[in-house]
Amino acid sequence: MKILVIHQVPYRKMSYHLGLDHERHDVTYIGYPQRMADLPAGLRCRRIVLTEGEDLVEGVTARTGADDGYEKVLSLSEFGILEAWHVRRHLGLDGPSLEQIERVRDKVSMKRALADSGIRYPRFEEAPAPCDALPWTGRTVIKPRQGASSEGVTVHDTAREALTAYWKLENRFDVQLEEYVDGDILHIDGLVSDGAVVDMVVSKYVNKPVEYLAGAPLGSHQIPDPGGRFHTFAQQVVTALDVDSGCLHLEVFDTAEGELVFLEVANRMGGAGVVNAHLRHTGVHLPSHEIALRLGLERPAADRPTGRYHGWLAVPGHHLHPAAGHTITVPDALRRHPGIDALYVLADDQPLPDHVTYHEWLVPVFIEASHGDPQELEAFLRACARSITVEPAPAARPVAAGG
């Protein structure tokens, strides 16, 4: 099979070679210079490097054509799914429709599609009139209609305050207003094959994703699904949104009353530590299985599960001055804890990240942990979130008045 891979996610996250036989298939990778540079030197493939800064679709279509004989286009990034639709059209290949793609990318489209499903979702307004009030009064979220990692999301104490902020935005047509829902936030990760959820793990966040933007650690830990309550909900969402195949990353509120409320969904693998945690708990390497599903190949055999619940925690640094010379403190009791599977600490001579990231090699501290008891695992990760500190370099700290 001749395959065009739009390469956007770091190779170490995807490990394409685990799910795609490069000796058997004719594989071409295309992408921007920095990303293409992380392809393994010995990987058997063709490499096409785009010019930094050029439009992705224009760059790919200028260098490829129907006569090249590509049979499949593979794009596994949140930020390449729509672009891949344009590329497939250019190459004359079948794939998910534009409507299907919008339902897993646009936060307004996905909620509209749930309107008659019986699934509860937050009330929202995509374009309020200048003199209109919102149909709720309490806490309100402004969030981009597209995107990931909670970037651009703001939370306001009242609907009126949110509207005031909304009307000051230059890009207000790219955002929506949404009522705030109280409850634990869960993420459900797995695989969809022919419209059926065939593999699934539920995790509960430690802190909230939007808090990570302001500098709070973020993590999650797996929890059981007795009776299949979460699986039933996930399948209802997949059916209502007509998700056909690939990875599923579904975020859900679990309220104090025990009601599940849809938050948002993506038809791609989860970020941060999701892939490793899923692999260890289930034996399923999500990228490899998604590759198989997308290409119509047989799914790989699963590894042996650990029999434990797994989780992760990322401690951010994007909110601090990026100069090298920072101080990271991880208490010894946490370092020696038997639940730690891996501990990544940014070297003193490496700068803090200057953008929002969850990559373990870029954030100040990243922890992978596991335990036989999910409550014990949660307690440990919350202790890490409370106790680990990151101080910027002395030269980057503000000088006190009169100092």
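Which strands does helix α12 (residues 286-295) lie across, and at about what angle does it run to β9? The legends below take up this question in the second view.

**View 1. Overview of the predicted chain.** This is a predicted model, in which local features need pLDDT of at least 70 and side-chain atom pairs count only at pLDDT 80 or more, while totals for chains, interfaces and linings use all residues. Residues are numbered from 1 along each chain as its sequence is written, and side-chain values use heavy atoms, with hydrogens and water left out. The chain has 14 helices and 18 strands, where helices (H or I, at least four residues) and strands (E, at least two) are DSSP runs numbered from the N terminus. Its C-alpha trace spans about 70 × 55 × 50 Å along the principal axes. The radius of gyration of the chain is 22 Å, which agrees with the value near 22 Å for a compact globule of 403 residues; this radius is taken over C-alpha atoms, and the globule rule is 2.2 Å times the number of residues to the power 0.38. Of the 403 residues, 51% are buried (buried means under 20% relative accessible area, exposed over 50%, and partly exposed in between, with a 1.4 Å probe and protein chains only). Among contacts with a separation of 6 or more, 63% are between residues 24 or more positions apart, a contact being heavy atoms within 4.5 Å. The chain exposes about 18,400 Å², of which carbon and sulfur atoms supply 48%, as computed by the Shrake-Rupley method with a 1.4 Å probe.

View 2. An open, antiparallel sheet is formed by eight strands in the order β13-β12-β9-β10-β11-β14-β17-β16, two strands being paired if DSSP finds at least two bridges between them. Because β13 (260-266) and β16 (340-345) each have a single partner strand, these edge strands are left with one side that has no neighbour in the sheet. From one strand to the next the twist averages 20°, with axes taken as lines fitted to C-alpha atoms, for helices over the stretch in contact, and angles running from 0 to 180 degrees between N-to-C directions. At the β13 end, six bridges join β13 to the antiparallel strand β12 (residues 246-254), and glutamate 251 stands opposite glutamate 264 in β13. Helix α12 lies across β9, β10 and β12 and runs at about 45° to β9, whereas helix α11 (residues 274-282) lies across β9 (184-193), β10 (196-206), β11 (218-223), β14 (309-315) and β17 (365-371) and runs at about 120° to β10.

**View 3. Histidine 289 in helix α12.** Histidine 289 lies in helix α12 and, at 3% relative accessibility, counts as buried. When residues up to four places away in sequence are not counted, histidine 289 touches Leu191, Val284, Arg299 and Pro300.

View 4. Four strands form an open sheet with antiparallel pairing, in the order β5-β8-β6-β7. β5 (124-125) and β7 (154-156) are the edge strands, and each pairs on one side only. Strand β6 (residues 140-144) is joined to the antiparallel strand β8 (residues 175-179) by five bridges, and threonine 140 has glutamate 179 of β8 as its bridge partner. Helix α8 (residues 159-167) packs on this sheet, where it touches β6, β7 and β8, and its direction makes about 30° with that of β6.

**View 5. Parallel pairing around strand β2.** Five of the six residues of strand β2 (residues 26-31) are buried. Strand β1 (residues 2-6) pairs with β2 in the parallel sense over five bridges, and β2 pairs with strand β3 (residues 46-49), also in the parallel sense, over four bridges. Isoleucine 30 is the bridge partner in β2 of isoleucine 6, and isoleucine 30 in turn has isoleucine 48 of β3 as its bridge partner.

**View 6. Alanine 113 in helix α7.** Alanine 113 lies in helix α7 (residues 107-113) and, at 30% relative accessibility, counts as partly exposed. Neighbours within four places in sequence aside, alanine 113 is in contact with Arg103, Ala240 and Leu241.
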